[in-house]
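The sequence and the structure come before the discussion.

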Amino acid sequence: LVMVFYGCNGKSNPVSMENKVEHQAKNQITYDIQLPSDLGMLYKVRLGLQNLEDSISRLSLHHFKMQNTSTLDTFSLTINKALPFPLNGDGWIEFPVEWPVKEALSVVTYHLTVFSRNILSERNLVHMTACIYGTYGDTGDRSLLWSLQNVQQGEDNESFLVIVDAVELGELDKVVLLISSKTDCKLDIKKLHLKEAVKEHPIYVFEVNEAFSVDANKPKIQREIPVSFVIRGDKQKNDTDNLHKEGSQARNLTEYTIKVYTGDKRGAGTDANVHIILFGNEDKSEVFQLSQSLEHQDSFERGKVDTFKIKTKKLGTLHSIEIGHDGKGFASGWFLDKVEITDVSRNSVYCFNCNRSVDHSVGAVFFLTRISSSLFTL
């Protein structure tokens, strides 16, 4: 048994209960442990099993009692839960600590939805955890692939739901992913959506848009994903809420095919994350990360054409786009030749000529003039 203690000034390292037994009676074990004095007042405890792979049965916990031997302040809680067997959960239970004259936090069920491309086909060989951070600490590493719900698979995308029970975290800040595999593989993760199960909003969106090359002989891959934006319901209803109910309003979405032409000159390609926004006479799209090229594994290489498909609400006649990148990666400078966008529903093609370097700090906005019913150019 392992415990992690959270105080108002930080958290302890995992404390193994091995060799800490002070007294043992029928169905009751008392441990004597020393915690760092600078943790401050404790507000949360997390319990887990040290080696889930070696456990052959579930550990049933009925009651938990904790006493500060200096002040004699005592906290008592009836649990009546079993630490989950690996196939049915992530092996951790956590609960708030309530002291006299101090209100405790509540336990919350979080829904974490993972949008990816190929994780489901690799899940039997891959081990992936997420640690969620917020105002009130973190969840610790929780498995993402033991118990999946609401699994949806398409031709080029997939999503699944992971349920995490934790003491409330407050405003969410970041997610840290840990990925390892029994064999060499490549995992393509698009984004994460995180919210409380009983609430429709807020939805915390963590954009990942990365293909992870996992080497079985190398250490775990760790990636810190800060929150990208938050969908807060009515406050952003017109701009974001309706746009991120993927699939629920598919009949109202318009499909666009985007062809991006990278210039054929030295240093023209980029490894940065490229984004695009479409502007029409009726509305504008949300920000799209162009990360799933239909032709090439590595997008935006010198002299190459990359095709992307997106769906968004009806924009009307396109008149401009905004395209840019975040400057990440080695040699992030990018020479963009042009962008061609096809409105599949109208069979209309719009051409946006650039023929220049796109600076990551500025981006580029191109305004178009109408030439015919199906072709637009600068």
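## Terms and confidence

Helices (H or I, at least four residues) and strands (E, at least two) are DSSP runs, numbered from the N terminus. The structure discussed here is a predicted model, and the mean pLDDT of the protein is 81, with 84% of its residues reaching 70 or more. Among the elements of the protein, the highest mean pLDDT, 94, belongs to strand S19 (residues 221–226), whereas the lowest, 36, belongs to strand S29 (residues 369–370).

Over residues 235–248 the pLDDT is below 50, and this stretch has 20 contacts in the model beyond near neighbours in sequence. Residues 360–378 also have a pLDDT below 50, and for that stretch the model shows 50 contacts beyond near neighbours in sequence.

## Glutamate 340

Glutamate 340 has its place in strand S26, which covers residues 334–343. The side chain of glutamate 340 is joined to that of lysine 338 by a polar contact of 3.3 Å. When neighbours within four places in sequence are left aside, glutamate 340 is in contact with Thr257, Ile258, Lys259 and Tyr261, and also with Tyr350 and Cys351.

## The second largest pocket

The second largest pocket has a volume of about 1,500 Å³. Its lining is made up of 37 residues, and those that lie nearest the centre of the pocket are Tyr31, Phe64, Lys65, Met66 and Gln67. By residue class, the lining of this pocket divides into 19 nonpolar, 14 polar and four charged residues.

Four strands each supply at least two residues of this lining, namely S1 (2–7), S5 (28–31), S6 (42–48) and S7 (59–67). The largest share of the lining, nine residues, comes from S7.

## Methionine 3

Methionine 3 lies in strand S1, and S1 is one of the strands that supply at least two residues of the lining of the second largest pocket. Is methionine 3 buried or exposed? Methionine 3 counts as buried because its relative accessible area is 6%, and buried means under 20%.

Leaving out residues up to four places away in sequence, methionine 3 touches Asn13, Pro14, Val15, Met17, Arg46, Leu47 and Phe64; of these, Phe64 is also among the residues nearest the centre of the second largest pocket. Serine 16 is 13 residues from methionine 3 in sequence, while the C-alpha atoms of methionine 3 and serine 16 are 6.5 Å apart in space.

How values were computed. Residues are numbered from 1 along each chain as its sequence is written. This is a predicted model: local features need pLDDT of at least 70, side-chain atom pairs count only at pLDDT 80 or more; totals for chains, interfaces and linings use all residues. Side-chain values use heavy atoms; hydrogens and water are left out. On a 1 Å grid over the protein atoms alone, a cavity is a set of points where a 1.4 Å probe fits but cannot get out, and a pocket is an open set with protein on both sides within 12 Å along at least five of seven lines; lining residues have an atom within 4 Å of a point. Grid points are joined across faces, edges and corners, and a volume is the space filled by probe spheres set on the points. Ala, Val, Leu, Ile, Met, Phe, Trp, Tyr, Cys and Pro count as nonpolar, Asp, Glu, Lys and Arg as charged, and the others, Gly among them, as polar. A polar contact is a pair of N or O atoms within 3.5 Å; within protein, one must be able to donate a hydrogen and the other to accept it, and residues adjacent in sequence count only if both atoms are side-chain atoms. Contact means heavy atoms within 4.5 Å. Buried means under 20% relative accessible area, exposed over 50%, partly exposed in between (1.4 Å probe, protein chains only). pLDDT is the predictor's confidence in each residue, from 0 to 100.
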